[in-house]
Amino acid sequence: MNSEKNKNHHHDHDHDHKHDDAHSHLPSDPELRVKAIETLLLRKGLIDSETLDELIDTYENKIGPQNGAKVVAKAWVDESYKKRLLEDATAAIRELSYQGRQGENMVVVENTPDIHNVVVCTLCSCYPWPVLGIPPTWYKSDEYRSRTVREPRKVLSEFGVNVDPKVKVKVWDSTAELRYLVLPMRPKGTDHLNENELAELVTRNSMIGTGLPENAK
């Protein structure tokens, strides 16, 4: 790993390189299992329904990739904001009121015609919750965590992202102290779109680097 500003770590790649008895009585369907556990916890008084509803609402409607998409869209239309975002991502993201646990220290890395960035957490599943929500299952998998460092181009191709051999791939390793967000390139033919419309094109995977923004319709 090379040392970057703020001691950021990345890899450059130019080539491919005992179960409780009650458990057995839970239904097999994941949603039913969750409901059964929720009911059990409520009955035992370990959680209350109002707190649970508030928590669900927060992660479904207030915290998620839509926040990161708004950050990206603003950077696409506002050069001064983009400059602040790249220089001090934590402060710039806070300007849009997106802050909290798992996002205390942020770095934004920009995709360019010469560089494609992708984010991984090789040790566990460190992830910027305030702007991307809960990490997808594949992000936490041993396979993604190990292979992305060894063979990033192959992993990206499996996500449908085929990076030109002339484009350098940088792999950024998120940690408990520092989390990364990719600023994808603005799609061509979007000059007529406003900030809100641009945000609709930004996908979660494009902010991890395993995807690209959608094209304008």
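## Exercises on a predicted model

Glu 143 and Arg 147 form a salt bridge, with their closest N and O atoms 3.2 Å apart. This is a predicted model, in which local features need pLDDT of at least 70 and side-chain atom pairs count only at pLDDT 80 or more, while totals for chains, interfaces and linings use all residues. Residues are numbered from 1 along each chain as its sequence is written, and side-chain values use heavy atoms, with hydrogens and water left out.

**Exercise 1. Find out where Glu 143 and Arg 147 lie, and which residues their network joins.**

Step 1: Recall that a salt bridge is a side-chain nitrogen of Lys or Arg within 4 Å of a carboxyl oxygen of Asp or Glu.

Step 2: Look at helix H8, where both residues lie, four residues apart, about one turn of the helix. Helices (H or I, at least four residues) and strands (E, at least two) are DSSP runs, numbered from the N terminus.

Step 3: Follow the shared partners: salt bridges join Glu 143, Arg 147, Glu 151 and Glu 158 into one network.

Step 4: Check Arg 147, which counts as buried because its relative accessibility is 10%. Here buried means under 20% relative accessible area, exposed over 50%, and partly exposed in between (1.4 Å probe, protein chains only).

**Exercise 2. Describe the salt bridges Arg 145–Asp 142 and Lys 83–Glu 87, and say whether each residue is buried or exposed.**

Step 1: The side chains of Arg 145 and Asp 142 meet at 3.0 Å, N to O. Both belong to helix H8 (residues 142–150), three residues apart.

Step 2: Arg 145 is buried, at 17% relative accessibility, whereas Asp 142 is exposed, at 57%.

Step 3: Now turn to Lys 83 and Glu 87, whose salt bridge is 2.7 Å, N to O. They are about one helical turn apart because four residues separate them in helix H4 (residues 79–87).

Step 4: Lys 83 is exposed at 51%, and Glu 87 is exposed at 52%. By the salt-bridge rule, the count comes to eight.

**Exercise 3. Which residues have the most contacts inside the largest nonpolar core?**

Step 1: A nonpolar core is a set of buried Ala, Val, Leu, Ile, Met, Phe, Trp, Tyr and Cys residues joined through side-chain atoms within 4.5 Å.

Step 2: The largest one has 47 residues, and Leu 85, Ile 93 and Val 131 have the most contacts inside it. Helix H3 (residues 65–77) gives the most to this core, with six residues.

Step 3: Leaving aside neighbours within four places in sequence, the contacts of Val 131 (heavy atoms within 4.5 Å) include Val 71, Ile 93, Met 106 and Leu 181.

**Exercise 4. Where is Val 169, and how far is it from Val 118?**

Step 1: Val 169 sits in strand E5 (residues 168–173).

Step 2: Val 169 is buried, at 0% relative accessibility.

Step 3: Val 169 and Val 118 are 51 residues apart in sequence and 7.5 Å apart in space, C-alpha to C-alpha.
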